[in-house]
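Grab a pencil and have a go at these exercises. Try each task yourself before you read the solution under it.

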Amino acid sequence: MANRVVIIGSGIAGLSAAIGLQAQGIEVKLFEKGKGPRTAGVGVNLAPNALWALDRLGIGHLVRQVGKAFNEFIIYSDNGKQISSQPFDFLPDSMYAVHRLDLLRILHDQVKPGTIQYGMEYTSFEQNENGVSVSFADGTQVHADYALFADGAGSDCRTKLRPSAPLRVAKYTCWQGVTSADEPFDNRYLLSETMGPKGRFGICPLANGQIYWYACINGTYNEEQIAKFGVQDLLEHFGEFHAPIPEVIRKTMPQDMVHNDIFDLPAKHKFAFNRILLLGDAAHPITPNLGQGACQALEDAAVLMHLIKCYSDMTLEEVFVLFEKKRLMKIKLLTQIAWSIGNVSQWSNPLFCTLRNLGMQYSPPFLYKQQFKYMSEVR
Ligand SMILES: Cc1cc2nc3c(=O)[nH]c(=O)nc-3n(C[C@H](O)[C@H](O)[C@H](O)COP(=O)(O)OP(=O)(O)OC[C@H]3O[C@@H](n4cnc5c(N)ncnc54)[C@H](O)[C@@H]3O)c2cc1C
């Protein structure tokens with residue numbers, strides 16, 4: 001297959017897809033609107049399916065080196081009582097917490113030099129039976145045989161191709177941050193999530209003595225008050241949560257915190273549009289309650305690479321259709337599970353919270369095991 005492919009977006013999806021395609025001998029050009037590689041970021045949890053995908057792309061060992069492995073996830077109530085402990089020893093690999101900038105750097109370094117052009121914001125695209133043309137804000141036009149759009153949850157390409165499939169906005173928003181852990185590294189810093197009527201607070205130790213944390217707070221999309229939160233506001237909100245949560249917040253520098261609204265695409269998933277394929281959040285934004293968005297982006301890249309290799313007699317347009325068929329069911333199911341978990345986890349009625357916590361405490365382990373197994377397997 002002598003194909004030229006344009007990729008839009010140098011996030012986890014775009015970079016990993018570029019690695020996969022180049023491994024199959026395909027000529028790739030990647031365009032990113034940012035001025036250079038990202039310089040800010042927090043943490044990301046990678047489940048075994050992500051490590052499977054990274055192994056297929058030939059870089060799993062590099063990510064394991066910079067990640068911190070976990071074999072257990074603990075859930076606490078806001079007063080510090082342990083609700084459940086979920087060991088991962090039945091999974092094919094550990095869970096890894098990684099600094100996003102480390103992951104992006106590893107992906108970036110595997111892409112062939114000269115592939116990525118920064119400062120290139122696409123504004124429109126067109127396709128016909130001969131190929132795809134993409135136009136950029138600076139007036140440049142690029143022609144290729146195929147185009148992969150990995151331009152994130154707000155994808156302009158998806159919005160144009162699927163105007164009737166709007167994003168679904170969650171009724172909570174999320175602050176994330178990175179700070180350093182106290183020495184010696186002690187077991188107050190385990191992979192954990194704490195739930196209470198005021199929201200959720202997750203702690204994920206990273207490999208280099210840092211702590212990645214996230215805080216989900218009930219609030220509407222674009223709610224200015226929460227979006228403007230600083231360390232002090234978060235401390236007031238989560239100040240009564242058990243140790244070490246207030247301390248972790250207090251130690252975080254304002255420049256190491258980011259705020260995100262939360263949304264997904266609940267239905268009408270479609271990834272393949274003739275010579276165009278959507279990947280990552282552009283194709284399937286998912287709420288972060290399963291920690292699977294980036295994992296699914298990596299799965300996209302590895303599955304696409306595998307299909308191109310196995311069906312080398314097919315056109316890429318035909319492979320895109322196979323890709324969609326293979327990926328749709330898992331994406332739909334995970335999107336729905338993540339949405340439901342988010343809603344229940346953000347209950348603010350203290351009675352409902354107590355009942356939920358009891359339910360989790362006494363639910364049979366096979367329930368969460370099934371969920372994690374499904375997530376971790378790539379069919
Ligand atoms: C609070 C929170 C916590 C999360 N935690 C986890 C987790 O623990 N584990 C996990 O697996 N996932 C997690 N996720 C999800 C994960 O962050 C995303 O799924 C993942 O980053 C998506 O990567 P992407 O490459 O598809 O999109 P993005 O990272 O959004 O990248 C899109 C790229 O496209 C570029 N772009 C956009 N428009 C244009 C344009 N017009 N022209 C050129 N370039 C353009 C952007 O600049 C950007 O670089 C979390 C998400 C949130 C919000």
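## Exercise 1: two paired strands

**Task.** Find how strand β1 and strand β2 run and what joins them.

**Solution.** Start with β1, residues 4-8, and β2, residues 27-31: they run parallel and 5 bridges join them. Keep in mind that you're looking at a predicted model. Next, pick out I7, and you'll find L30 of β2 opposite.

Now zoom out. β2 and β1 sit in an open sheet of 6 strands, ordered β8-β2-β1-β12-β19-β18, with mixed pairing. At its edges are β8 (116-117) and β18 (272-273), each pairing on one side only.

## Exercise 2: a second sheet

**Task.** In the open sheet with the order β9-β10-β11, work out how the strands pair, and say why one side of each edge strand has no neighbour in the sheet.

**Solution.** Step one: this sheet has 3 strands, and their pairing is antiparallel. Step two: the edge strands β9 (122-128) and β11 (141-144) each have a single partner strand, so one side of each is left without a neighbour in the sheet. Step three: ignoring direction, neighbouring strands here are turned by 15 degrees against each other on average.

For a closer look, take β9 and β10 (residues 131-136), which are joined by 6 bridges. Follow E126 across and you land on S133, its bridge partner in β10.

## Exercise 3: two helices

**Task.** Are α1 and α9 roughly parallel or roughly antiparallel to each other?

**Solution.** Two packed helices are described by the angle between their axes and the distance between the axes. Here, the axes of α1 (residues 12-23) and α9 (residues 293-310) come within 8 Å and cross at roughly 15 degrees. Angles under 35 degrees count as roughly parallel. The two helices α1 and α9 are therefore roughly parallel to each other. As for handedness, their crossing is right-handed.

Which residues meet? On the α1 side they include I12, A13 and L21, and on the α9 side they include A294, L298 and M305. Sorted by class, this contact has 13 nonpolar, 2 polar and 1 charged residues.

## Exercise 4: around the ligand

**Task.** Which residues come nearest to the ligand, and which element gives the most to the shell?

**Solution.** There are 33 residues around the ligand, and G9, G11, G152, G280 and G293 come nearest. Then go by element: α1, β3 (43-46), β13 (168-180) and α9 each give two or more residues to the shell. The most come from α9, with 4 residues.

Note on methods: Residues numbered from 1 in each chain as written. Predicted model: local features only at pLDDT ≥ 70, side-chain atom pairs only at ≥ 80, totals over all residues. Axes fitted to C-alpha atoms, helices over the stretch in contact; angles between N-to-C directions. Parallel < 35°, antiparallel > 145°, perpendicular 65-115°, else oblique. Left-handed = near helix turned anticlockwise from the far one by under 90°. Contact = placed C-beta atoms within 7 Å. Nonpolar A, V, L, I, M, F, W, Y, C, P; charged D, E, K, R; others polar. Pairing = 2+ DSSP bridges. Near = placed C-beta within 6 Å.
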